[in-house]
Amino acid sequence: MKNRVKELYGNLEVYGTYTKEQNQLYLSKDDTTRVITSRLEEICRELLDSDANHVVIELEENKSFIGFYPHSQRSIILLAGGPIDCFPMLHALLINDECTERTISFEEENVRKSFLRSSELLSQLLPVNDTLEPFFDDYFIYYRPLYQIGGDFYWFEQNDDKIMIILGDCTGHGVAAALVGIAMLQMVRSRFSHSEKELHESLYDFYDDLDAYHEKYESDEMVDLELGIVVYDKSKGTLDFTGSGINLHYYDGAELKLLKTRRTQVVKKELVHVKLNVKEGQKFFLHSDGVIDQFDNQNKRKLGRMGLQTILEEQCKGLSEFQFIKHVNAFKGQTEQIDDSTFLAFSL
Amino acid sequence: MSFLLIEAGKNSPFVCFDFDGGTFKVGGRSVIEQPLEFYQQLISSIGNYSSSAITEAHFTFEFEYFNTSSCKCIFNLMKEIKKLEDRKSVVINWYYDKDDEDMLEIGEDFEDILEMPFRMISRDRLD
């Protein structure tokens, strides 16, 4: 196809092709190089989600970015060039397909760029994984917001021989949820950083803060947050956990166990606080509900706790982000993601 | 108004409210980004129903999935249903997929917080 593009219109720059493989999009610049950029991936996803078989992004005068996806092909061809020049070529290439198109205006493009820039900035606020290195033998972070960024967030904070790991799941998706997430994270940190209180007591304090926040700002009552908080004390060999809707699964070396929490435990003053004596080889997993709420490749059944159990049993043999992604993608197939999805795995 | 019927969308639930018959069903998927507006119409209609002469109200919830924004709206709907108890006999059926413990637990949470009895009904598959 690329050769045919060049034959038909040599002056256009062929960026490459996107191919769906297990719902991942790869831009193949040539036979040996695969790259993914969020900008190109977004264009391709929009194309795949729409009924159109090509999308034209008007960048500025006489410059456009074009992705087209003939229904008879499995790859998206990405081109850069002037829109007027491109159309005859597109029609020639799409001769056997009904030609439908979507054009994104310059203004819309600006909004999209602004969104992407916001997303990049927000992504940079997430902690670097290096903080975990001294504490864990192995670990991985799977972070897949529904959009570029979302209401899920995680945070690590080291204090001498202790490390605190926070997983939060805010109501909503996208930049709005992410902004709420940042505000929530600051509130969480102010309650938990260097606190002398027991974890669950700090969690009650946090939810008091949240109530006060709603009252003070008369904010939308939809703002809410589920949390899972782990503090690992390396020198003492202990791990504390509390949560309000986010569970902790752990492998104690013999079996996989679950510490369940519910958001309603805050209201009922029944928060779970568990202190475990831990040792080498044990594994710990936190996840947001987007992981287990994902529907399967038939869009019929959720992964659920049973599905997660299978994945975790595999991870107990040895952490593998690759295996995790492979399993999740195989389950999900082409079915769309419906929620922010975060999974944290640690091995001592 | 005798009926409130809303067809299920790709990400929005179906609604079948029969006000004369006193039966109210809602279910499917609720992954609405801005669910307040959607659920407010249901809440308002239940508020208006409280003054009707029908003495019984049977509610059936058959959700296969809802996001957290929708969950809060459904809870608000439940609170409106709770108010009906002063005037009517209210029955709530909460269906859940037998493998979906989370959906069962959400129903249990609603039951607990609102202090209303729910009939929890397990199904093989909510198609």
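Of the 51 residues in the largest nonpolar core, five touch the most other members: A:Met164, A:Ile166, A:Ile229, A:Val230 and A:Leu344. The model is predicted. Contacts of A:Val230 were examined beyond its neighbours within four places in sequence. A second core is separate and holds 27 residues. Its members include B:Leu42, B:Phe59, B:Phe66 and B:Tyr95.

Helix 9 of chain A covers residues 304–316, 13 residues in total. From first C-alpha to last, helix 9 reaches 18 Å. This is close to the 18 Å expected at 1.5 Å a residue. Buried positions in helix 9 are A:Leu308, A:Ile311, A:Leu312, A:Gln315 and A:Cys316. Viewed down the axis of helix 9, the buried residues fall within an arc of 145°, so they line one face of the helix. A:Thr310 and A:Glu313 are exposed on the other side.

The buried residues of helix 9 pack against both strands and helices of chain A. The strands are strand 13 (248–251), strand 14 (256–259), strand 16 (283–287) and strand 17 (341–347). The helices are helix 8 (289–292) and helix 10 (321–332).

A:Lys269 is found in the loop between helix 7 (264–267) and strand 15 (272–277) of chain A. With 8 other C-beta atoms within 10 Å, A:Lys269 is exposed. A:Asn299 lies in the loop between helix 8 and helix 9 of chain A. A:Asn299 has 13 other C-beta atoms within 10 Å and is partly exposed. The cut-off for an exposed residue is 12 or fewer such atoms.

The contact between the chains takes 16 residues from chain A and 14 residues from chain B. On the side of chain B that touches chain A, helix 2 (68–84) and helix 3 (101–114) of chain B each supply at least two residues. Helix 3 of chain B gives the largest share of that side, five residues. By class, this side of chain B has eight charged, three polar and three nonpolar residues.

Key: Residues numbered from 1 in each chain as written. Chains lettered and ligands numbered in written order. Predicted model: local features only at pLDDT ≥ 70, side-chain atom pairs only at ≥ 80, totals over all residues. Helix = DSSP H or I, 4+ residues; strand = E, 2+ residues; numbered from the N terminus. Expected span 1.5 Å × (residues − 1). Buried ≥ 20, exposed ≤ 12 C-beta atoms within 10 Å, placed from the backbone. Arc of directions from axis to C-beta. Contact = placed C-beta atoms within 7 Å. Core = buried A, V, L, I, M, F, W, Y, C linked by C-beta atoms within 7 Å. Nonpolar A, V, L, I, M, F, W, Y, C, P; charged D, E, K, R; others polar.
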